[in-house]
Amino acid sequence: MAGIVLDGKALSQAIEAELSARVAKIRERAGGRPPILATVLVGDDPASATYVKMKGSACRRVGMESLKVVLPQATSTAELCARIDELNANPEVQGILLQHPVPKQIDERSCFERIALSKDVDGVTMLGFGRMAMGEPAYGSATPAGIMRLLAHYGIPLEGRHAVVVGRSPILGKPVAMMLLNAHATVTICHSKTQGLPEIVKVADVIVGAVGKPEFIKAASIRDGAVVVDAGFHPGNVGDIELAPVIGRCAAYTPVPGGVGPMTIATLISQTVAAAEASFGIS
Ligand code: NAP
């Protein structure tokens, strides 16, 4: 029997409908002014430009605004930090998204750290990560938090299950591993130096692909009845996991596209709404 489709597109639409009502309430409280997500795009990477555009469109769909900051490819770390400082100080801005990746000459970590914790709606700061890892309130990294919300929505059991995460990036692999751990899964994190990856993947009840290489995780390594979560998106509508051969024998899977991607945006917007509610004292 085919696995359940973890339909991130449908869930993100339902989330947006709920957010629209919350945004209307914030606007009432703010004399009609909309909550604002500042999006910072540095350089001319076309994929990043598309992601930022999609995030801006999602803001408008729920009645928010986005403040677009576009900086040239040659921007320095100091220049980018100065723009982030301005956004931190701007009371109209409730959330700040610095689109990853930034050009190579920029110290991305320093710039992420510059974002005020109260405006870190994309969950990129070390303090936000640390708080999340310790189970304290924090905005989670958007893609991992979106994955967790999707799994929760479909009632996917995690407690005591073996989750294997392939990838350990600060925005995806590491935080999703920590969130799965907090949900009482037993977690194995794999990376480019991992030996015997296919054997490790074979014992996964839940496999998360966060590698950035098309169909890198092979169907033959995935056991029957596994839950397949794929954060990757590559030309030809494929992810980081070879999905087609496992659809008929897995418990559940995220489609590519329409799985993890829409949940990332819905989570970012959701966390911006929560930040706006916090700034207006709405509980
Ligand atoms: P990244 O920063 O490039 O990290 C890739 C990770 O994969 C690294 O930890 C790397 O290990 C690991 N890796 C590379 N080669 C490997 C190998 N041969 N065996 C095992 N692990 C290996 O990428 P990312 O930003 O986390 O993104 C990962 C994927 O998710 C990409 O496809 C990206 O497009 C996608 N993504 C999607 C969304 C969304 O909204 N849907 C958001 C973010 C990312 P090392 O640490 O050892 O180098």
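The model on screen is predicted.

**Stop 1: the ligand**

22 residues surround the ligand. The closest are R168, S169, H191, S192 and T264. Now colour the shell by residue type. It divides into eight nonpolar, 11 polar and three charged residues. The ligand sits in the largest pocket.

**Stop 2**

Pick R168. One of its polar side-chain atoms lies 2.8 Å from an oxygen atom of the ligand. Move to T264. Here a polar side-chain atom is 2.9 Å from a ligand oxygen atom. Then go to H191, and show the backbone this time. A polar backbone atom of H191 is 3.4 Å from a nitrogen atom of the ligand. Taken alone, the ligand exposes 920 Å², and the protein buries 71% of that.

**Stop 3: helix α9**

Select residues 260-279, which form helix α9. Find S270 within this helix. Is S270 buried or exposed? S270 is buried, because its relative accessible area is 11%, below the 20% limit. S270 and V23 are 247 residues apart in sequence. In space, their C-alpha atoms are 9.9 Å apart.

**Stop 4: two cis peptide bonds**

Most peptide bonds are trans. Two stops here are cis. Select H100 and P101: the bond from H100 to P101 is cis, with omega near 0 degrees. P101 lies in the loop between β4 (93-98) and α4 (108-114). Then select V256 and P257. The peptide bond between them is also cis, again with omega near 0 degrees. Look for P257 in the loop between β9 (252-253) and α9.

**Stop 5: two positive phi angles**

Most residues other than glycine have a negative phi. Go to H184, where phi is positive, near 70 degrees. H184 is in the loop between α7 (173-182) and β6 (186-190). H184 counts as exposed because its relative accessible area is 52%, over the 50% cut-off.

Finish at N237. Its phi is also positive, near 55 degrees. N237 is in the loop between β8 (227-230) and β9. How does N237 count, at 47% relative accessibility? N237 counts as partly exposed, since that class lies between 20% and 50%.

Note on methods
Residues numbered from 1 in each chain as written. Predicted model: local features only at pLDDT ≥ 70, side-chain atom pairs only at ≥ 80, totals over all residues. Heavy atoms only, no water. Near = heavy atom within 4 Å. Polar contact = N/O pair within 3.5 Å; in protein donor to acceptor, adjacent residues only side chain to side chain. Areas by Shrake-Rupley, 256 points an atom, 1.4 Å probe, with all protein chains shown as cover. 1 Å grid on protein atoms, 1.4 Å probe; cavity = no way out; pocket = protein on both sides within 12 Å on 5 of 7 lines; lining within 4 Å. Sits in = over half its atoms within 2 Å of the grid points. Nonpolar A, V, L, I, M, F, W, Y, C, P; charged D, E, K, R; others polar. Helix = DSSP H or I, 4+ residues; strand = E, 2+ residues; numbered from the N terminus. Buried < 20%, exposed > 50% of the residue type's maximum accessible area, 1.4 Å probe, protein only.
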